[in-house]
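Please examine the sequence and the structure shown below.

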Amino acid sequence: MSPLLNDTFLRALRRQPVEYTPIWMMRQAGRYLPEYRATRSRAGSFMGLCTSPDYATEVTLQPLERFPLDAAILFSDILTVPDAMGLGLYFAEGEGPKFERPLRDERAIKALAVPLLDKLQYVFDAVASIRKALQGRVPLIGFSGSPFTLACYMIEGGGSDDFRYVKAMLYDRPDLLHHILAVNAQTVTDYLNAQIDAGAQAIQIFDTWGGALSHAAYREFSLAYMQQIIAGLKREADGRPVPVIVFTKGGGQWLEEIAAIGADCVGLDWTTDLGVARARIGQQVALQGNFDPNALFAQPQAIEHEVGRILASYGSGSGHVFNLGHGISQFVQPEHAAALVEAVHHLSRPYHV
Ligand code: CP3
């Protein structure tokens, strides 16, 4: 394996000194890039991209060719895991992801089991292929959905605004939801460890829907299962630590609890003040975020101004990985993303002298 040429991201996650604040963007490979759309049409479909290690490698590297990002993220999707469990993932044109066989009755739920990981071999092959193609330029992030976020799609059968089936199950039959979450947690642990074995150098757990839970339910139905996963992860590979980032969208009020589950870094959405978050938990963990992704619709000058505000809010010293507070929109102009990356690199240097 090539030596790592830029480890700024890994150092920031461990709160070690850096020369500038590293940046990557959630969903950095995606539809806002014309070269992504071209590759996707050659592959025929989104799943065609995910299941081919060559295509997955190509699109993972696309944003790095354009912008001097400090990390790459595996091109895949969180929903490949429930697909491997037999739920039948498909993407209806313009409708987002859907499952043919959502978990709605007790029999189907009781039959749910940890799948054979060889069903996800294409993901591990993609990780190995991307690591090779990166030639040590930047570290590669592997990822998974949180058990609760995966359960939302598995039970609703697709995206949802009201989580009607999930919430009904949570309050009527918490035992059934706990069974799904336990299977998901074991599967995600094995899946992430296999990504680490294949070459992933950091891990992010996407808890996109944890913030939809009540205060009382969050710890029991989302956080506890992420804690279980983290306890089961390999935390070192090739003699280097493999840092773990946990991102609960809408989790701002639970920062102390999230910081206590054993992750190295807590991801923040844009509704939390970064400086306040640092005062609350910055002694325990690194922080990632938290640029409003829709501020990328503004002009480059305004983007730079907002970057300056966020950097000032964090203040001096390491422990901050710059990111968006959620995934980049397909309607953002790539030039605006370029302005963001440039501003972070340039404006952050004075905070690291
Ligand atoms: O960050 C990256 O660049 C890596 C790739 C990545 C994708 N999905 C590719 C993708 C990652 C990390 C994800 C995670 C993911 N997928 C999450 C968690 C993070 C988040 O954004 O909240 C969730 C909830 C999903 C489920 C999912 N996949 C949805 C809701 C959709 C459709 C909506 C949308 O934004 O397109 C997808 C499809 C998807 N996953 C696309 C991409 C690039 C677009 C598919 C296409 O090309 O049409």
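Helices (H or I, at least four residues) and strands (E, at least two) are DSSP runs numbered from the N terminus. The model is predicted: local features need pLDDT of at least 70, side-chain atom pairs count only at pLDDT 80 or more, and totals for chains, interfaces and linings use all residues. Residues are numbered from 1 along each chain as its sequence is written, and side-chain values use heavy atoms, with hydrogens and water left out.

The 25 residues of α10 should span 36 Å at 1.5 Å a residue, and its end C-alpha atoms are 36 Å apart, which agrees; the expected span is 1.5 Å times one less than the number of residues.

A pocket is an open set of points on a 1 Å grid over the protein atoms alone, where a 1.4 Å probe fits, with protein on both sides within 12 Å along at least five of seven lines; lining residues have an atom within 4 Å of a point. The volume of this second largest pocket is about 220 Å³, a volume being the space filled by probe spheres set on the points, which are joined across faces, edges and corners. Its lining has 17 residues, with Arg131, Gln201, Ala237, Asp238 and Arg240 nearest the centre.

The largest pocket holds about 1,600 Å³ of space. Among its 45 lining residues, Arg27, Arg31, Asp77, Phe91 and Pro97 are the closest to the centre.
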